[in-house]
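The sequence and the coordinates are shown first.

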Amino acid sequence: NLFMALVTSAIRIGQIDEVLRLLRDLREQGPGVTGALLVSATKLCTAKQLFRECLAIYDYVSMDPDLDIEDKSVWSCLLFCAIEAGCHPRCRFFFERLKA
């Protein structure tokens, strides 16, 4: 998938603004953001310690009401990112989703 490669490459080099532009293009002009793309982006951001950026990506893609996040690793990574970024009010939501 071309968008998967572009998004993961942009994350690897720390170009989060470009990631958000790619996700916007995918949502507005393409089929939308897939769960697989979100899983890859979330895991990669967490591994690269881009905690706030990971939360920003989630915030953007979560605006899509059709996105269904089934992979529990996403919620685990988001919980970890919220803790590390000091966004403690968000932890409860991510923890509840992880437990579900």
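The model is predicted.

**Helix α1**

Helix α1 spans residues 2–12, and V7, T8, A10 and I11 are buried in it. Viewed down the axis of α1, these buried residues fall within an arc of 160°, so they line one face of the helix. An α-helix has 3.6 residues a turn, so residues three or four places apart point the same way. The partners of the buried residues of α1 are α2 (16–29), α3 (35–47) and α4 (51–61), against which they pack. After α1 comes G14, which has a positive phi near 75°.

**The pair α3 and α5**

Two packed helices are described by the angle between their axes and the distance between the axes. For α3 and helix α5 (residues 72–85), the angle is about 35° and the axes are 9 Å apart. Their crossing is left-handed. On the α3 side the contact is made by L38, V39, T42, K43 and T46, and on the α5 side by S73, V74, C77, L78, F80 and C81. By class, the residues of this contact are seven nonpolar, three polar and one charged.

Q49 is found in the loop between α3 and α4. Their relative accessibilities are listed here.

| Residue | Relative accessibility | Class |
|---|---|---|
| T42 | 1% | buried |
| T46 | 14% | buried |
| Q49 | 59% | exposed |

The cut-offs behind the classes are under 20% for buried and over 50% for exposed. T42, at 1%, therefore counts as buried, and T46 counts as buried because its value is 14%. Q49, at 59%, is exposed.

Leaving aside residues up to four places away in sequence, T42 touches C54, V74, C77 and L78. V74, C77 and L78 are among the α5 residues in the contact with α3. The side chain of T42 also reaches the backbone oxygen of L38, at 2.7 Å. L38 is one of the α3 residues that meet α5.

How values were computed. Residues are numbered from 1 along each chain as its sequence is written. This is a predicted model: local features need pLDDT of at least 70, side-chain atom pairs count only at pLDDT 80 or more; totals for chains, interfaces and linings use all residues. Side-chain values use heavy atoms; hydrogens and water are left out. Buried means under 20% relative accessible area, exposed over 50%, partly exposed in between (1.4 Å probe, protein chains only). Helices (H or I, at least four residues) and strands (E, at least two) are DSSP runs, numbered from the N terminus. The arc is that of the directions from the helix axis to the C-beta atoms. Contact means heavy atoms within 4.5 Å. A polar contact is a pair of N or O atoms within 3.5 Å; within protein, one must be able to donate a hydrogen and the other to accept it, and residues adjacent in sequence count only if both atoms are side-chain atoms. Axes are lines fitted to C-alpha atoms, for helices over the stretch in contact, and angles run from 0 to 180 degrees between N-to-C directions. A crossing is left-handed if the near helix is turned anticlockwise from the far one by less than a right angle, and right-handed if clockwise. Ala, Val, Leu, Ile, Met, Phe, Trp, Tyr, Cys and Pro count as nonpolar, Asp, Glu, Lys and Arg as charged, and the others, Gly among them, as polar.
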